[in-house]
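These are my notebook entries on one structure. I wrote down what I looked up, one topic at a time.

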Amino acid sequence: MATYVILSSFTDQGIRNVKDSPDRLIAFKAAAEKLGVAIKHAYYTVGAHDIVVVAEGADEGITAALLKLGTLGNIRTTSMRAYSPDEMKGILKKLA
């Protein structure tokens, strides 16, 4: 399973309805789960991004979940594939 760090920012629509955000997060978790994606952590943040999520799942499942989320119009995302130290060791061994 792949791990992703997802940086999210409210759209104009999303911030207008910010009081609904916790319920939208619950709905996103349920929708992601149906696609085989586990939301491991979710944090509301202050600064350049409004929510940071750590998710695990197949690349295709995470991509589908984020595309579905984007179609709702409340949030924009930037996703980053994350590697554990052990995963990175395995990758680096392939450099030889």
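**Entry 1: overall layout**

I counted four helices and four strands in the protein chain. Helices (H or I, at least four residues) and strands (E, at least two) are DSSP runs, numbered from the N terminus. Along the sequence I read the pattern β-α-α-β-β-α-β-α. The model is predicted: local features need pLDDT of at least 70, side-chain atom pairs count only at pLDDT 80 or more, and totals for chains, interfaces and linings use all residues. Residues are numbered from 1 along each chain as its sequence is written, and side-chain values use heavy atoms, with hydrogens and water left out.

I looked up the extent next. The C-alpha atoms of the protein chain fill a box of roughly 50 × 30 × 20 Å along the principal axes. Of the 96 residues, 29% count as buried. Buried means under 20% relative accessible area, exposed means over 50%, and partly exposed lies in between, with a 1.4 Å probe and protein chains only.

**Entry 2: the strands**

I went through the strand pairs; two strands pair if DSSP finds at least two bridges between them. Strand β1 (2-10) is antiparallel to β3, with seven bridges. β1 also runs antiparallel to β4, and eight bridges join these two. I used Tyr-4 to check both sides: its bridge partner in β3 is Ala-55, and its partner in β4 is Arg-81.

Strand β2 (residues 38-44) is joined by six bridges to strand β3 (residues 51-57), again antiparallel. Ala-42 faces Val-53 of β3 in this pair. β2 and β3 make a hairpin, with six residues between them. In its turn I noted Gly-47, which has a positive phi of about 135 degrees.

Is β1 mostly covered or mostly open? I found eight of its nine residues buried, so β1 is mostly covered. β3 is largely enclosed by the rest of the structure, because five of its seven residues are buried.

**Entry 3: Glu-56 and its partners**

Which residue forms a salt bridge with Glu-56? I found Lys-40, with the closest N and O atoms 3.9 Å apart. A salt bridge is a side-chain nitrogen of Lys or Arg within 4 Å of a carboxyl oxygen of Asp or Glu. Lys-40 lies in strand β2 and Glu-56 in strand β3, so the pair ties together parts that are 16 residues apart in sequence. The structure holds one salt bridge. Lys-40 is partly exposed at a relative accessible area of 45%, and Glu-56 is partly exposed at 26%.

**Entry 4: Asp-59**

I placed Asp-59 in helix α3. Asp-59 is partly exposed, with a relative accessible area of 37%. Asp-59 and Tyr-4 are 55 residues apart along the chain, and their C-alpha atoms are separated by 8.9 Å.

**Entry 5: the largest pocket**

How many residues line the largest pocket? I found 20, of which Arg-24, Leu-25, Phe-28, Leu-69 and Leu-72 lie nearest its centre. Two or more lining residues each come from β1, α2 (21-34), β3 and α3 (59-71). The largest share, seven residues, comes from α2.

The space in this pocket is about 300 Å³. On a 1 Å grid over the protein atoms alone, a pocket is an open set of points where a 1.4 Å probe fits, with protein on both sides within 12 Å along at least five of seven lines; lining residues have an atom within 4 Å of a point.

I found Tyr-83 in the loop between β4 (75-82) and α4 (85-93). Tyr-83 is partly exposed, with a relative accessible area of 44%.

Key
Grid points are joined across faces, edges and corners, and a volume is the space filled by probe spheres set on the points.
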